[in-house]
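Please look at the sequence and the three-dimensional structure shown here before reading on.

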Amino acid sequence: MLDLFTIFSKGGIVLWCFQSTSQISQFFIPSVNSLIKTVILQERTSSNNNYEQDSLSLKYRLDNEFDLVFVIAFQKILQLSYVDKFLDDIQLEFRDKYKNDLARKNYFMEFEFSKNFKEVLKSAEEWGKAQACIPKQMRTFNESTKSKKTVASMIERTGDDKENKKNVKITDTQKNDKEVNHNGVSFNEEDLITQNRLKMAQKMGAMNSNKLKKNKEKVPKPSPKATKQPRTWPLGGAAKDISSLDYTKDKPNNNADSPIEIETNNEIVGQMVGSIKDIEIDSDSDEEESDEKFETAAERKKKNDSKKSVFSMFKGLVGRKNLTATDMDPVLEKLKEHLVAKNVAIEIATKLCDSVSSKLEGKVLGSFESVASTVKNTMIESLVQILSPKRRIDILRDAMMAKKNEKPYVMAFCGVNGVGKSTNLAKICFWLIENNLRVLIAACDTFRAGAVEQLRTHTKHLNALHPAKKHNDQQMVQLYEKGYGKDAAGIAMEAINHAKEAKYDIVLVDTAGRMQDNEPLMRALTKLIKVNEPDMVLFVGEALVGNEAVDQLVKFNQALADYSSSVTPHLIDGIVLTKFDTIDDKVGAAISMTYITGQPIVFVGTGQTYTDLKSLNAKAVVAALMK
């Protein structure tokens, strides 16, 4: 039984709607809105056109020629076999009846479609009943699992099919149990072989003993040699060498009142006032133009042949009147290979290509539009839309609002080991103090050796760049530390309370790196976030990863949802993408991470200094991705 069926345009205008009861809308309309928000608007359509939420199931069809969406909703527990046929038939019926009005975009007329709907629904239900009565046919050989067996599945490995190995041993013993008649006496074949081996060993032993006796008589006794003396190094690491091996630049003097002198690069001060600049990805076009005048004709021809665009082979394909999946398959296959080569996770690349195919299927092309250019332009639009933030991200403004409410703005950093959480936390801290905000760093990485000392060093350097005398004798950065082996959630809570009392504007919480499969550490992170309720949870990830980024983000979000007892758990709010300067134009990790979480990339790390922090430029990243 169908509970809801609706037809609406991609602009949001409802053309016609059916409800089984008058009160059914309050249950299904939120699910339809969620479908529009998370699938249709973000162009995440799947190949089976199915969407499930809680106990409800929704099926939909996209009509790209008239920009229409057909949605049917029913309870998930119902197994309706006729739904797909009904959607196809109702789409054709509605198109044929109102083809002229839809072509003129006349959406505000009254559509009399109730009679047609009932007829199509009745026909589909009868078809479903007839299909249920048909006995299930046997599968062909190609459809069976036996036809999909490969040579690799037939290779025996350790731990596989122990019974077969036992059978092999039994047959071997049966072969060895044959009796042999030797000189009128019956012997077991195995016993006979053993006796012959013993005789051979006795003969060889006697011969070797005679040779050893002769060699002992001939060999003279060796003369004693002088042993090698161990080498003595000038700096052996003893206590007397400590002063020579200590290269610490900021070590304190003997005088307790003397300040610690730290070498600073004051040229970077003032470079990050205001909002962060967009990242700039250099293209090779300017370099190619400057080098062309130094190349010979043969070299230029060879270079042009080797640097053909990934879409150049499709220049001869001219679009037909309506695009079909068959037309787009070769282009999308090449496009998927191109995305995977640029470090996009293969699962994400497949979903993107499916989404483009669903969006373009049935679209009418112009006379001189090629299939390749249309697919490429649609993919570029989808990628820019994915990377563009769905909500406003303005940390400076949010921090000022929190300051007016007399409470600190709290940011927590999480991620796997070695991605640069502490380094990029220090960069963000420098940007914040450049904008005259006082920062308290909470050292909640109580696991990794040297984590607190690393933050202590960053704090000294940041305070040296922005000394208190330039800010009304107020220390701009302070480190809140409690050593190692303590509860991270408790340290974060104490740090936030200290920030309220000391009038700090922002609290940056540094957490320990953890693998996404480490359940105890993931529970500890969930506890820290649930207890302290930070304003923003940032996931720090590398730009070098491909498929691993999907696994990390999915499992981090899943752990935060599973291990929190809250009905609405606090998940990841944004992403910090590090080591972006090491990947050239392989920027696919940005697409993978944003597609999985739907959250924006807030910061991009592009180096080791405090000023190497940028914001993501969606168009520049997509241009590098499609290059």
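Predicted model: local features only at pLDDT ≥ 70, side-chain atom pairs only at ≥ 80, totals over all residues.

Residues are numbered from 1 along each chain as its sequence is written, and side-chain values use heavy atoms, with hydrogens and water left out.

Helices (H or I, at least four residues) and strands (E, at least two) are DSSP runs numbered from the N terminus, and two strands pair if DSSP finds at least two bridges between them. Five strands form an open sheet with antiparallel pairing, in the order β2-β1-β5-β4-β3. Its edges are β2 (14–19) and β3 (50–53), each of which pairs on one side only, and neighbouring strands are turned against each other by 15° on average, direction ignored. β3 is joined by four bridges to the antiparallel strand β4 (residues 56–63), where S57 is the bridge partner of E52.

Helix α2 (residues 83–97) lies across β1 (4–9), β2, β4 and β5 (68–75), and runs at about 40° to β4; contact means heavy atoms within 4.5 Å, and angles run from 0 to 180 degrees between N-to-C directions, with axes as lines fitted to C-alpha atoms, for helices over the stretch in contact.

Further along, β9 (residues 439–444) and β10 (residues 477–480) run parallel and are joined by four bridges, V439 having V477 in β10 as its bridge partner.

Finally, UniProt, in an unreviewed entry, places the feature "domain: SRP54-type proteins GTP-binding" at residues 600–613; such annotations may be inferred rather than shown by experiment, with feature names shortened and positions given in the numbering used here. The span of residues 600–613 is 0% helix and 43% strand, and its end C-alpha atoms lie 16 Å apart.
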